[in-house]
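Please read this briefing with the sequence and the structure side by side. The points are grouped by topic.

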Amino acid sequence: MTTPENKPISAQGLSRREALLWIGKAAGSAAMLQAATLFGVLAAPAAAQAELVKLKPLTTGRKTVLILGAGISGLVAAYELGKAGYQCKILEASHRAGGRNFTIRHGDFIDELGNPQFCHFDKDPDLYFNAGPARIPAHHTAILHYCREFGVEMQLFCNHNKNCYTQDDKAFGGKAVRIREYEADTRGFFSELMAKSIQSQAKLDAPFDEIDRQKLIEFCRAYGDLSSDFTYEGSERAGYQSGGILSPGVLKTPRALADLLQSDFWAGAMHFGELSDQSAALMTPVGGMDKIVDAFLSRLPGKVQLKAQVQKVQLLPQGVEVSYWLDGQLQAEQADYCLNCIPAQLMAGIENNFPADYVGVMRQLQRGKLSKIALQAKERFWEKDQIYSGISWTSQDITQIWYPSHGMFKAKGILLGAYSWDPAISDRFSAMTNQQRIATAIAQGSKLHPDYAKYIEQGNSICWQRMNHMLGCGAVWSEELLKTSFATLQAPVGGHYMVGDQVSYHPGWQEGAVRSAWHAMESIQQQELQKQRQVAV
Amino acid sequence: MKYWIFGCLLFAASLQAETFQQNAQYCLVCHGSKAQGNAAISAPNLAILPDWYLTAQLRAFQSDWRGHQTTDAYSKEMMAVAKSMSPEEIKRAIGFITSFQVSKAVETLDGNISHGKALFQTCAACHGASAEGNKSLGAPPLAGQYSWYLLRQLQAYRSGQRGNAEQDSKGALMKQIASSLNSEQDLNDIVAYINTLALPSTSVKN
């Protein structure tokens, strides 16, 4: 048995670090970070997490705030600070607000450097894909707070569906297998192994007594659906071979354990849904994730200046001055505070007078590389294959296929034909033209759905590390950098704050963006209270 | 009816133009707000480069001389951008970039500077004694460029990932010279020496 890097697993089993690497491969850096916290590799962040941000009305006179970037953190800041009485203005470099919260529909422009695309999906409210965030876990209470407050209509997002496939070139001749089949057989064999080894021992070591021993054996039976003699002989959980409604169900023959172990599907398909961020039942706004952006924008009329590209950020003795390009002209504006959600790796290249250690951290954050490819299918062929929503997995570069959680039985649908967070894979996709990416997604998807090509009409792709004004997805912090420098980047320098999911322990999630903005705003409030006290003295 | 359709077409055309960023500040997203480069995303200093060299390299990227046969993801990124640019956009971008004041990348590189200086004599024949560049030979200024960038390019020439295209005679020459260097340490020492040189004067740039 080997790891994904083909290193043999040691007799002692996985080290914590190895386990983390696997989780990281399966679920991205945010999951790895979270798991790392669970495993005690990293100290959990010390910052107290407020239930909800509550800013007191401003009482210290007119205060101005420049917010750089109209992503989720910027929108949250403008909305909350505005409500509290601050004069806010958002400067956004691109042609649209929302940042990585980007739902792509008919007519939308995808501003990828060197690979600009328009979306030609049919004009239909159901035909869209969420190129950035697509799902919200229940414990992301900060972003959900705004969905509730703004009345954003939500629906379930199915993140784990056992009827979907797992496909691995190394196993079963590359043939796709239903996740439920793989999972039932694997659990069956492991339970049998466990039950028999417990049975073979006269008694367990203290503190386990005979009753515990019996309970453990019963647990194994239930966990693996074992027969009365604790043998795994197949299970209904794998789906019947035939029958089951008007005739007796016929079980499928279990696959051999040795064959099951050829694939590392358990690193992805099987255990993915165990992560708290990746539960089977997540949520998403009806009609696209950008309904959240729309809800903010409708409450911020005239506050967002698009196509304003920041050229310079200068800390002043009091406040901050920001210079930016607008319509080919350089403009300058001063404010008491600046909330800056420009990706740190780009801010490092923008003229500034920041302290060396502060900008030094920005230089060390790595660009998150993440790609998605969306395909318009002229027919919802997956429904005929008994798949309604969920995710299939493959060992190929496309990594996953997502089936939409909405629009059942409609004529057409948008599939996510590839979703990769592996930097090497993302480099391969980013080096392709859009046409090549679509062709690759179709070719690889055909291993899961033989007639795939017949159904796919067109597609769009997004490589976040190549998107104009972003050049990266969630910031990549090394464990070391988090330990030494997170606090530096989170702390204000005068009236200047770096914000966004990049300044959270949860990069790549909207929750990180909201909470980072809340954290900065509470600090601004403290600064104002302090000024008030000084005046009083 | 006809007018209505014409109106829609006009609107569609202006919408398309509106969403693209026509202006040259596009370059600054990656290469820094003063075109001084950005190490955080591996974008080299453009401000030290003269218009003729920028033109030649954009042409190299467009013609698959650069970025095509390479494992370097950053070159591929630039290749895609270059290929998406029209001649008019290239002209405008270069005009914009060369308007910035030259600034030097601040960094230090460990290496044997005196050994690098000795090796640099070969380089000086084309790139000039102060690495200020030579237009008539098509040799760009090197002084003020990031060390990691110079090293990566020397490695690309040595491995044949750059300077391999038949029509790219200047690249071929550079490939030959880079291949004659004995070791990675030699490359490092040369770059460490270049790193000590002052910026080329603006008169050279123009």
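In which sense do strand 12 of chain A and strand 16 of chain A pair, and over how many bridges? Strand 12 and strand 16 of chain A pair in the parallel sense, over two bridges.

This is a predicted model, in which local features need pLDDT of at least 70 and side-chain atom pairs count only at pLDDT 80 or more, while totals for chains, interfaces and linings use all residues. Residues are numbered from 1 along each chain as its sequence is written, and chains are lettered from A and ligands numbered from 1 in the order in which they are written.

Helices (H or I, at least four residues) and strands (E, at least two) are DSSP runs, numbered from the N terminus.

**A sheet in chain A**

- Four strands of chain A form an open sheet with mixed pairing, in the order 14-13-12-16; two strands pair if DSSP finds at least two bridges between them.
- Strand 14 (329-335) and strand 16 (351-352) of chain A are the edge strands, and each pairs on one side only.
- Strand 12 (residues 309-315) and strand 13 (residues 320-326) of chain A run antiparallel and are joined by six bridges.
- Strand 12 and strand 13 of chain A form a hairpin, with four residues between them.
- In the turn of this hairpin, A:Gly319 has a positive phi of about 90°.
- A:Gln314 has A:Glu321 in strand 13 of chain A as its bridge partner.
- A:Val313 has A:Val322 in strand 13 of chain A as its bridge partner, and A:Val313 also stands opposite A:Asn352 in strand 16 of chain A.
- In a regular strand, side chains alternate between the two faces of the sheet.

**Two buried residues in chain A**

- A:Ile143 lies in helix 3 (residues 141-150) of chain A.
- A:Ile143 counts as buried because 23 other C-beta atoms lie within 10 Å; a residue is buried if 20 or more other C-beta atoms lie within 10 Å of its own, exposed if 12 or fewer, and partly exposed in between, with C-beta atoms placed from the backbone.
- Apart from its neighbours within four places in sequence, A:Ile143 is in contact with A:Ile136, A:Gln510, A:Glu511 and A:Val514; two residues are in contact if their C-beta atoms, placed from the backbone, lie within 7 Å.
- A:Ile143 and A:Gly512 are 369 residues apart along the chain, and their C-alpha atoms are separated by 9.0 Å.
- A:Gln444 belongs to helix 12 (residues 434-445) of chain A.
- A:Gln444 is also buried, because 21 other C-beta atoms lie within 10 Å.
- Apart from its neighbours within four places in sequence, A:Gln444 is in contact with A:Thr394, A:Gln396, A:Asp397 and A:Ile398.
- A:Gln444 and A:Ser73 are 371 residues apart along the chain, with 36 Å between their C-alpha atoms.

**A helix pair in chain A**

- The axes of helix 9 (residues 356-364) and helix 14 (residues 479-490) of chain A come within 9 Å and cross at roughly 125°; axes are lines fitted to C-alpha atoms, for helices over the stretch in contact, and angles run from 0 to 180 degrees between N-to-C directions.
- Helix 9 and helix 14 of chain A are therefore oblique to each other; angles under 35 degrees count as roughly parallel, over 145 as roughly antiparallel, 65 to 115 as roughly perpendicular and the rest as oblique.
- Helix 9 of chain A brings A:Asp357, A:Tyr358, A:Val361 and A:Gln364 to the contact, and helix 14 of chain A brings A:Leu481, A:Ser485, A:Thr488 and A:Leu489.

**Chain B**

- Chain B has 10 helices and zero strands.
- Of the 206 residues in chain B, 41% are buried.
- Among contacts in chain B between residues at least 6 apart in sequence, 63% join residues at least 24 apart.
- The axes of helix 7 (residues 147-159) and helix 8 (residues 169-180) of chain B come within 8 Å and cross at roughly 95°.
- Helix 7 and helix 8 of chain B are therefore roughly perpendicular to each other.
- B:Leu154, B:Tyr157 and B:Arg158 in helix 7 of chain B meet B:Met174, B:Lys175, B:Ala178 and B:Ser179 in helix 8 of chain B.

**Between the chains**

- The contact takes 26 residues from chain A and 21 residues from chain B.
- Helix 2 (26-31) and helix 4 (73-83) of chain B each supply at least two residues of the side of chain B that touches chain A.
- Helix 4 of chain B gives the largest share of that side, six residues.
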